[in-house]
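Subject: Structure handover

Hi,

Here is the structure I promised you. My notes on what turned up in it follow below.

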Amino acid sequence: MVDKLNAVKGMNDILPPDSARWEWLEAIVRELMARYAYRNVRTPIVEHTALFVRGIGEVTDIVEKEMYSFEDKLNGEKLTLRPEGTASLMRAVIEHSMLYDGGKRLWYSGPMFRHERPQRGRYRQFHQIGAEALGFAGPEVDAELILLAAALWKAIGLTDVRLELNSLGQPPERALHRAELIKHFEAHASLLDEEAKRRLHSNPLRVLDTKNPAMKDVVESAPKLIDFLGPESLAHFDGLRAILDANGIAYTINPRLVRGLDYYNLTVFEFVTDRLGAQGTVCGGGRYDDLIVQIGGKAAPAVGWALGIERVLALVEEQGTAVPLPVPDVYAVVPDASAMPVALRTLQRLRDAGVRVQMHAGTADGLGSFKSQFKKADASGALHALVFGADELARGEVTVKALRDGAGAQTMRALDEVAAWASTLQSPATKD
Ligand code: ATP
Ligand code: MG
């Protein structure tokens, strides 16, 4: 016996019927992105490691311990499986001078890789959809992106997500806050865990992002960045809030919200839920006006978000939202192999007319009895069975038998008039 090989730990196969949920979500997202005039970008899954070190920041969970990095054996290049989409997208934007004629609204979707401890809502290969608006400085695009995410929750029937909002200000404001933050943590050094002690001087803001419940109090009593913001940063924040208020988007201001990546300034936000345990953030984003310069481009403002598809779909399932399954309209029952040529020609015409058709296919023992074929027709979920029996075919006809609504009802249809009756087989859900 050959050893059985399984998928890599934390990396999942997405199989039917679950894959139908993915297709459903993807179709809704595609349509929504078009409505907000965001255009699709596809970048490679592998990038130079330096892109993520520079783009995400050295003192972050991702770069410190989560990246799948390796050396290309053939040429020694240091490469990494992308852990997120923004750095890659910005690299592409710079490489192709995409901002030469003004701002761009872009979106992407695809697998990301992080070496984390697998658990519900946390995988080593997971999937993100991200939207980014590049080259626009005002709070109106921050708002547009939040409205876009909120529209997605509405379109997929999610009610249990709430918006948390914060402003990280600009680097000089953060520097003032940082000094006070270090003082605060030094004064309470005995309450810090090892990771926090290590980050205290390199990246104290990140200490606020701790997931250690024992540090809750010392984090809550820390000086708040929002109290250090100057008039311009506050005006940006107020501008965003005014648009959200006018659109009935509820939010809470969370002064401890700093996000797990280094590149943010001004707006940061998360859509969170209480229904997925510790993995409660379904979508996170914010402004990152300095990122493009950090990875070698000409300065340009930027704002975006990324959502985790697994978490969003877990929530869809948790809420019991009904997702349409791709069932065939028709299952073709073909009792005798001699009828196959005529049957398949008819089925092709039905498919050309937009009907979803599953044909019966045999095994090594042949096509199987009439009865066993009907059992399969039933199990397929099809609305109708088409029966290509010898008697019908001799008259140039096929029998249409209802399997669901009014099950058992039969009509005869002429084989050479397929176009005239094809649409009567389609369920309302599959008709365009
Ligand atoms: P967390 O705090 O849960 O680790 P994060 O801040 O690292 O999340 P981001 O880098 O902002 O997450 O990624 C955006 C979204 O991608 C998250 O809100 C989440 O929905 C999803 N996500 C991140 N890491 C994973 C993972 N390992 N498995 C599944 N989804 C993930
Ligand atoms: Mg993380």
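How many of the residues of helix α12 (residues 309–318) are buried? The count is 7 of 10, so to speak a mostly covered helix, where buried means under 20% relative accessible area, exposed over 50% and partly exposed in between (1.4 Å probe, protein chains only). Helices (H or I, at least four residues) and strands (E, at least two) are DSSP runs, numbered from the N terminus.

Two housekeeping points. This is a predicted model, in which local features need pLDDT of at least 70 and side-chain atom pairs count only at pLDDT 80 or more, while totals for chains, interfaces and linings use all residues. Residues are numbered from 1 along each chain as its sequence is written, chains are lettered from A and ligands numbered from 1 in the order in which they are written, and side-chain values use heavy atoms, with hydrogens and water left out.

Back to α12. Its buried residues are Ile309, Glu310, Arg311, Val312, Leu313, Leu315 and Val316. Among the elements that cover them are α1 (18–35), β5 (104–113), β10 and β11, with contact meaning heavy atoms within 4.5 Å. After the helix comes Gly320, with a positive phi near 75°.

Arg311 also takes us to the ligand: one of its polar side-chain atoms is 3.0 Å from an oxygen atom of ligand 1 (a polar contact is a pair of N or O atoms within 3.5 Å). A polar backbone atom of Gly308 lies 3.3 Å from a ligand oxygen, and an N or O atom in the side chain of Glu116 is 2.6 Å from a ligand nitrogen. The shell around ligand 1 has 16 residues, counted as near if a heavy atom lies within 4 Å. β10 gives the most to that shell, with 3 residues.

Now the salt bridges, of which the structure holds 23 (a side-chain nitrogen of Lys or Arg within 4 Å of a carboxyl oxygen of Asp or Glu). Arg120 sits in the loop between β5 and β6 and Glu318 in α12, so the pair ties together parts 198 residues apart in sequence. Both are partly exposed, Arg120 at 49% and Glu318 at 36% relative accessible area.

Lys104 and Asp101 also meet in a salt bridge, at 2.7 Å from N to O.

Cheers

How values were computed
A polar contact is a pair of N or O atoms within 3.5 Å; within protein, one must be able to donate a hydrogen and the other to accept it, and residues adjacent in sequence count only if both atoms are side-chain atoms.
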